[in-house]
Amino acid sequence: MTDKTVDLRSDTVTQPTPAMRAAMLEAKLGDDVFGDDPSVNALQEKIAAMLGFEAALFVPTGTQSNLCAILSHCQRGDEYIVGQMAHCYRWEGGGAAVLGSVQPQPLNHQADGTLALADIEAAIKPDDAHFARSRLLALENTLGGKLLPFEYLQQATQLAAAKGLRRHLDGARLFNAAVAQAAQTGSDTRTEARRISQCFDSVSVCFSKGLGAPIGSALCGSRDVIARAHRIRKMAGGGMRQSGLLAAAASHALDHHIERLAQDHALARRLADGLAGIEGLQVEAPQTNMVFIDLSGAAKAQAAGLLGHLADHGIRATGLYRLRFVTHLDVEAAGVDRAVAAIRNYFKD
Ligand SMILES: *Cc1c(COP(=O)(O)O)cnc(C)c1O
């Protein structure tokens, strides 16, 4: 047994692989603010073509990518319709409102992570001086590890378009969604990633999550959307210079780390299966690379010491009464089995 820490806090904790580091070292560099970093330009072209868009913009974070998207689609006094638990509503410091004077209109999620079509329709305001102008529908896929059903994406985005709204996808984990969807349809991952993306006017993808790159996201869209986003990225301080170093890592991830996400999903199932049947633990069946566990009864009373106990056994996770475990590139079956053993051991008596 190895003593290596099994870090299940997030899929952001991955270290670049030796091959990825080599790709970074070899990257041809320029100055991307002058638009002449060949590695950045190549990455932008690659991801745009892959997802079926005219253009893409490499940005340091997913937060900045969503900000650039929302501010590209919306003006001051516009609003975007978004889920209560969506990253671009809840977890980004209110950036669209603070920096863009764009008002969010949050909606509650259904159990499967979707926003009910009737709720979306009811939230779209008439053209009346009392209201903010409803301009954008922002969805997230995967959301909390859940794959939004493809038919739903089609219906929700068609509804938005019919009402004159633009559509943005926070696809931080788009490729996890595509891998899970491909497993359902029997099609291939890239086809599914493209089908999902084509429901939207813009899509943001994180390279720094399950794809295993150290830093970076891309926003994809039409040339117009990306031209506006480019200006906003500059304003937000995201114009980077020899960022080809980072783009090379992201490009390597697109070439080598997409299909392997299926292994992360299998490990999440292994973890969930391993924890089945412990009294007071409700384990949600994982759809992608996240396992959520709710504690109740006697297990809830023991919750306070659990993360400490796990840390003592070299296992890291987040949460308290609702724990989250995320599998990724740097987690192996043996690590998952150690986590299962440590949790079982904690609730043994
Ligand atoms: C991680 C994440 C982001 C962006 O996160 P950054 O830390 O800013 O890169 C955006 N949306 C979702 C759904 C995410 O999980």
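The model is a predicted one.

On the side of helix 1, the contact is made by Ala19, Met20, Ala23 and Met24, which meet Leu245, Leu246, Ala248, Ala249, His252 and Ala253 of helix 11. Sorted by class, nine residues of this contact are nonpolar, one is polar and none is charged.

The second pairing joins helix 12 (residues 261–274) to helix 15 (residues 333–346), whose axes come within 9 Å and cross at roughly 20°. Because angles under 35 degrees count as roughly parallel, helix 12 and helix 15 are roughly parallel to each other. Their crossing is right-handed. Helix 12 contributes Leu267, Arg270, Leu271 and Gly274, and these meet Ala333, Val336, Asp337, Ala339, Val340 and Arg344 in helix 15. This contact comprises six nonpolar residues, one polar residue and three charged residues.

Attention now turns to the ligand. Around the ligand stand Thr61, Gly62, Thr63, Asn66, His87, Glu92, Glu140, Asp170, Ala172, Arg173 and Lys209. Glycine 62 places a polar backbone atom 2.8 Å from an oxygen atom of the ligand. Arginine 173 has a polar side-chain atom 3.0 Å from an oxygen atom of the ligand, and an N or O atom in the side chain of lysine 209 is 2.6 Å from a ligand oxygen atom.

How values were computed: Residues are numbered from 1 along each chain as its sequence is written. This is a predicted model: local features need pLDDT of at least 70, side-chain atom pairs count only at pLDDT 80 or more; totals for chains, interfaces and linings use all residues. Side-chain values use heavy atoms; hydrogens and water are left out. Axes are lines fitted to C-alpha atoms, for helices over the stretch in contact, and angles run from 0 to 180 degrees between N-to-C directions. Helices (H or I, at least four residues) and strands (E, at least two) are DSSP runs, numbered from the N terminus. Angles under 35 degrees count as roughly parallel, over 145 as roughly antiparallel, 65 to 115 as roughly perpendicular and the rest as oblique. A crossing is left-handed if the near helix is turned anticlockwise from the far one by less than a right angle, and right-handed if clockwise. Contact means heavy atoms within 4.5 Å. Ala, Val, Leu, Ile, Met, Phe, Trp, Tyr, Cys and Pro count as nonpolar, Asp, Glu, Lys and Arg as charged, and the others, Gly among them, as polar. A residue is near a molecule or strand if one of its heavy atoms lies within 4 Å of it. A polar contact is a pair of N or O atoms within 3.5 Å; within protein, one must be able to donate a hydrogen and the other to accept it, and residues adjacent in sequence count only if both atoms are side-chain atoms.
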